[in-house]
Amino acid sequence: MTTNSHQIIIVGGGAAGFFSAIHNKKNNPDSTVIIIEKSPEVLAKVKVSGGGRCNVTHACFDPKTLCDFYPRGHKELRGPFHSFQPRDTMQWFESHGVHLKIESDNRVFPTSNTSQSIIDCLMSTAADLGVNLWTDCQVTQITKSDDTFSVSLTNGQDHICQKLVLATGSSRRGHTFAINLGHTIETPIPSLFTFKVDDTDLHERTGLSVENTITYLSIDKKRKQIGPLLVTHWGMSGPGIIKLSAWHAKALHQTDYQAMLTVNWLANYDTESIQTRLQQTQDQSPKKLCISRSPFPEIPRRLWEYLVYRAGIAENQTWNNLSNKHTNKLIHELSQGQFQIDGKTTFKEEFVTCGGVTLSEINFKTMESKVCKGLHIIGELLDIDGVTGGFNFQNTWTTGYLSGQTATLPL
């Protein structure tokens, strides 16, 4: 068995691991910094994120407001975001040759529209600084003795270090390492998913979307989300739904993903203005069929037909003979239609979990463990998750940066 001594070892070659390695090496130039990645390729999640474009961060530059996008970790991240926030992330990448752009929804992407720009930047910066990268290299065990860690590999080697950074993402392997070093784990469960709705008539409208909707769940009517909603062949998706799933991930898990979803298809209207618009249509187009004459251009025609059907209005019903009862039902469907959620589906490749290392066990000034000196835990291994839009990457940049701000001593 071969044993080698180093100053800093980082387990995990993702975004958090690379950013940690870069800042550890920058602040400890004479130290040996090693990234150990079990797969042949590094930065795999960066490569596929944002449809292959990499949603680097979100253009929200107020730390307090930024924290509101994190269902788990919003309190703990307030301090870290004062040290390293999206503005710092953007400046860092720009200063390292990656030009970024802010899109209309405030998501930030490389102007190249390819995640390879981010991958190349992180890999070349780490290489230029002298960070060692070991790929296709599996860690089998980590132990702590006095002031050093022993990292055992499948090739029979043991590597000793005085500072260990766990950046494994939300993985069973990472959880096991953390538990063996004294930490507790909040049970990981899915976050960021779409809703299954058992309604074949709705499924026939697959691909239709409404830009401004308000949605909320029966388990918490106060937590509402405003945003686009997309009809799919299994139910409902879109940014508004994805955000709702993140905030209620734990509650929905407890109910086996059964809940009532309320949808206001017309977020820019109140009930009175909806009623006014319907009355105007009755006056202006009295002999037109309700199903074929929509007063709301925001709602696609085929979706309008579906909502009219849900209101119990017959296909041959004209506007001039529409009863007050059916008018009220239509207003209800438009402003507070209810849909039974019967399960979930994973949101594309953007799989995110809530759960991980308990946050009270971490010093968020340095990301060092409170229960194991010299151990730092960062990124998605922590019980932190954000909604869609670049927030989960910002967590990796911020915690990776902070984990690299402490100095190490020669072994």
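**Notebook: strands, sheets and packed helices**

I began with strand 3 and strand 5 (residues 107-110), which run antiparallel and are joined by two bridges; strands here are DSSP runs of E with at least two residues, helices are runs of H or I with at least four, and both are numbered from the N terminus. I count two strands as paired if DSSP finds at least two bridges between them.

I noted that this is a predicted model, in which local features need pLDDT of at least 70 and side-chain atom pairs count only at pLDDT 80 or more, while totals for chains, interfaces and linings use all residues. Residues are numbered from 1 along each chain as its sequence is written, and side-chain values use heavy atoms, with hydrogens and water left out.

Within the pair I looked up T57, which stands opposite V108 in strand 5. The open sheet has three strands in the order 3-5-4, paired antiparallel. Strand 3 (57-58) and strand 4 (100-102) are its edges, each with a single partner strand, so one side of each has no neighbour in the sheet.

I then turned to the barrel, which six strands close in the order 11-14-13-12-15-16 with antiparallel pairing. Its neighbouring strands are turned by 50 degrees against each other on average, direction ignored (axes are lines fitted to C-alpha atoms, for helices over the stretch in contact, and angles run from 0 to 180 degrees between N-to-C directions). Strand 12 (residues 209-217) and strand 13 (residues 220-231) run antiparallel and are joined by six bridges, and I214 stands opposite I226 in strand 13.

Lastly, I recorded that helix 13 (residues 324-336) lies across strand 15 and strand 16 (337-346), at about 105 degrees to strand 15.

Key: Contact means heavy atoms within 4.5 Å.
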